[in-house]
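Let's take a friendly walk through some charged side chains and how they pair up. Have the structure open as you read.

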Amino acid sequence: VVSTYHDIVETKVIECDWIEGARELLDSVYQKIPLFVASGTPQDELRRIVDARGMSHYFTETRGSPDKKDVIVRDVAIRFGFNPTNALFLGDAMTDYHAAMACNCPFIGVVAHDRENPFPENSQTVENLLFIAELL
């Protein structure tokens with residue numbers, strides 16, 4: 001039963017719609033700057049999802065659990081030689097916000113218009129990624 005539930009959830013994630021503006025943002029920047037995924041999803045599952053969605057080519061590296069997001073950010077920064085203060089962490093969960101804050105990384109929260117904003121009052125948030133895609 002667990003494997004069936006797991007398979008259903010993974011399939012639903014693979015089939016879900018893109019966040020508005022996400023594809024445009026990725027298309028406009030992936031060949032210019034390195035992009036990374038830091039997720040709480042188990043790494044093997046995450047890579048299957050990213051592959052199945054045809055997104056692997058966008059990312060320099062895709063990392064999931066068991067590593068924590070702040071550990072991933074620090075490790076990637078060291079190995080790829082950048083300062084997290086010069087990066088941008090986009091996320092939709094408080095674990096993303098906390099990882100960004102732990103690494104002194106600027107953060108933008110993505111909060112759909114029909115969802116409650118979980119982020120602190122002074123946090124920068126967007127409803128979709130169109131605005132960011134249009135800036136580039």
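## A buried pair

Glutamate 61 and arginine 63 are both buried, where buried means under 20% relative accessible area, exposed over 50%, and partly exposed in between (1.4 Å probe, protein chains only). The two are joined by a salt bridge whose closest N and O atoms are 3.2 Å apart; the term stands for a side-chain nitrogen of Lys or Arg within 4 Å of a carboxyl oxygen of Asp or Glu.

Please keep in mind that this is a predicted model, in which local features need pLDDT of at least 70, side-chain atom pairs count only at pLDDT 80 or more, and totals for chains, interfaces and linings use all residues. Residues are numbered from 1 along each chain as its sequence is written, and side-chain values use heavy atoms, with hydrogens and water left out.

Arginine 63 counts as buried at 10% relative accessibility, whereas aspartate 67 is partly exposed at 32%.

## One turn along helix H4

Where do aspartate 75 and arginine 79 lie? Both are in helix H4 (residues 69-80), four residues apart, about one turn of the helix; helices here are DSSP runs (H or I, at least four residues), numbered from the N terminus.

Salt bridges that share partners join Glu61, Arg63, Asp67, Asp75 and Arg79 into one network.

## The whole structure

How many salt bridges does a search of the whole structure find? The search finds eight.

Terms used:
Helix = DSSP H or I, 4+ residues; strand = E, 2+ residues; numbered from the N terminus.
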